[in-house]
Amino acid sequence: MLLQTVRPNIVQAIRAFRVEDLQLAAQDLGQHFLYANLGAAQSKQEVLEGIAEAFLFPAHFGKNLDALYDCMTDLVNKSGSQPGFVVVLEQLPDNARFDREAREQLLDVFRDAADFWAERKIPFRCFYSFQ
């Protein structure tokens with residue numbers, strides 16, 4: 001199985017994995033598959049809006065990193081037991097409006113979410129790529 005070689009609570013570059021294979025692996029494990037193609041985003045605000053739309057966040061989503069963390073953790077945790085997550089953030093911007101610091105801040109939210117779910121013994125794998 002594809003995900004047996006990937007730690008259960010990690011944020012990593014997508015590298016040799018294909019999105020379709022990750023989706024099938026999540027399906028086989030009965031886990032949530034969350035996918036956002038951010039190729040059209042150029043700024044932090046556009047990245048957050050793209051994630052919110054792709055992940056079907058509630059209308060009251062605050063479009064900031066704290067709100068992103070809350071949606072990826074507490075909101076989902078309160079909705080009941082969870083089987084696990086495979087998250088793909090494809091084509092994160094790499095430009096002056098979304099620089100390395102902004103990317104690291106975003107990925108830190110997903111790292112913190114991975115830690116949150118690890119404490120609950122729920123697998124949370126996040127894969128990302130850059131434009």
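**Helix packing and the pocket**

Mentor: Start with α2 and α5. Lys44, Val47, Leu48 and Ile51 in α2 meet Gln105, Leu106 and Phe110 in α5. By class, this contact of α2 with α5 has five nonpolar, one polar and one charged residues. Helix α2 covers residues 44–54, and its axis comes within 11 Å of the α5 axis. The two axes cross at roughly 30°. Keep in mind that this is a predicted model.

Now turn to α3. Its axis and that of α5, residues 100–119, come within 10 Å. They cross at roughly 30°. The cut-off for roughly parallel is an angle under 35 degrees, so α3 is roughly parallel to α5. The crossing of α3 and α5 is right-handed.

Look at the side of α3 first. Leu65, Leu68, Tyr69 and Met72 make the contact with α5. From α5 come Gln105, Leu106, Val109, Phe110, Asp112, Ala113, Phe116 and Trp117. The classes here are ten nonpolar, one polar and one charged. Gln105, Leu106 and Phe110 also belong to the α5 side of the α2 contact.

Met72 leads on to the largest pocket, where it is one of the lining residues. Two or more lining residues come from each of β2 (32–37), α3 (65–72) and α4 (74–77). The lining divides into ten nonpolar, two polar and no charged residues. About 180 Å³ of space lies in this pocket.

How values were computed
Residues numbered from 1 in each chain as written. Predicted model: local features only at pLDDT ≥ 70, side-chain atom pairs only at ≥ 80, totals over all residues. Heavy atoms only, no water. 1 Å grid on protein atoms, 1.4 Å probe; cavity = no way out; pocket = protein on both sides within 12 Å on 5 of 7 lines; lining within 4 Å. Points joined across faces, edges and corners; volume = space filled by probe spheres on them. Helix = DSSP H or I, 4+ residues; strand = E, 2+ residues; numbered from the N terminus. Nonpolar A, V, L, I, M, F, W, Y, C, P; charged D, E, K, R; others polar. Axes fitted to C-alpha atoms, helices over the stretch in contact; angles between N-to-C directions. Parallel < 35°, antiparallel > 145°, perpendicular 65-115°, else oblique. Left-handed = near helix turned anticlockwise from the far one by under 90°. Contact = heavy atoms within 4.5 Å.
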